[in-house]
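The sequence and structure are shown first.

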Amino acid sequence: MKSATARGLLGKALRREGDFVLHDFLLNDGSHAVAWVASSERLAHEALLRVLELRSLHHTRLAVPTVSERQPDGTRMRVDLPVAGQPLTELNGLSRNIVIQLVRCVLDQLRPLHAARMVHGNLQSSTVLRTPNGVVLTDPAPVLRANHGPEGLPERVEGQLPNASADIWGLGRILKDLAGPLQRRDPLRALVGDMTEWMPEERETDLDRLDRRLDDAKTWTPSAGLLSRFLLA
């Protein structure tokens, strides 16, 4: 994973996400990056701990930003370095097998996070990049909080703090976006429904079971589904 020392000059504020402001950031070597600036020392400390936890898991395929030394005003800089890849939002017309492969790759990225009781917190098509080596997750939430997460996430609507099941909801929406219209008997359609249940406790959140269901769905065809209906009648 690339790293950089966040020393340089803050540029203009690009946007705000809760208690963090995204700034253009000019490094001392003349290159540009993007910096999240925490609004308080406490928040900056929490962000730093999150980065250190992720690095301790050797999660090198997650685009984790570098944190600089404390600034004179007590804040820290979080620098997101560019990651080469294509956001899933730009992909269309993918085959069924490729869609399933991409979703299973994201599952593999979530395993070490959830095993360590951490959450990505902002999983959606725009925060997942397709690369020659698989997928890279970007833009993890620096500090989880109520009203945070992908647009439409029930916990966000209800003002609740998201947990690991919020990542499953986001992955279900990614699967729905990539797969496009699905027939009523398609097991992928049932899987999307189970992953995007409104109540977090009712979602399908077992990662191994999700993986098996995705694998089983690869061989389904409309004709096979119709034949099964008559055999079971």
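In this predicted model, helix α2 lies across strands β7 and β8 and runs at about 45° to β8. The sheet itself is open and consists of three strands in the order β6-β7-β8, with antiparallel pairing. Strands β6 (86–87) and β8 (134–137) stand at its edges with a single partner strand each, so one side of each has no neighbour in the sheet. Strand β7 (residues 128–131) is joined to β6 by two bridges, and the two run antiparallel. Residue Q86 has R130 of β7 as its bridge partner.

Helix α2 (96–115) also takes part in covering the buried residues of α5, as do α4 (164–179) and α6 (207–217). In helix α5 (residues 187–195), the buried residues are L188, L191, V192 and M195. Viewed down the axis of α5, these residues fall within an arc of 100°, so they line one face of the helix.

Helix α6 has L207, L210, D211, L214 and A217 as its buried residues. Their arc around the axis is only 125°, which places them on the same side of α6. The cover over the buried residues of α6 includes α2, α4 and α5.

At the start of α5 and of α6, a side-chain oxygen reaches towards a backbone nitrogen, as listed below.

| Helix start | Side-chain oxygen | Backbone nitrogen | Distance |
|---|---|---|---|
| α5 | D186 | L188 | within 2.9 Å |
| α6 | D206 | D208 | within 3.0 Å |

Technical notes
Residues numbered from 1 in each chain as written. Predicted model: local features only at pLDDT ≥ 70, side-chain atom pairs only at ≥ 80, totals over all residues. Heavy atoms only, no water. Buried < 20%, exposed > 50% of the residue type's maximum accessible area, 1.4 Å probe, protein only. Helix = DSSP H or I, 4+ residues; strand = E, 2+ residues; numbered from the N terminus. Arc of directions from axis to C-beta. Contact = heavy atoms within 4.5 Å. Polar contact = N/O pair within 3.5 Å; in protein donor to acceptor, adjacent residues only side chain to side chain. Pairing = 2+ DSSP bridges. Axes fitted to C-alpha atoms, helices over the stretch in contact; angles between N-to-C directions.
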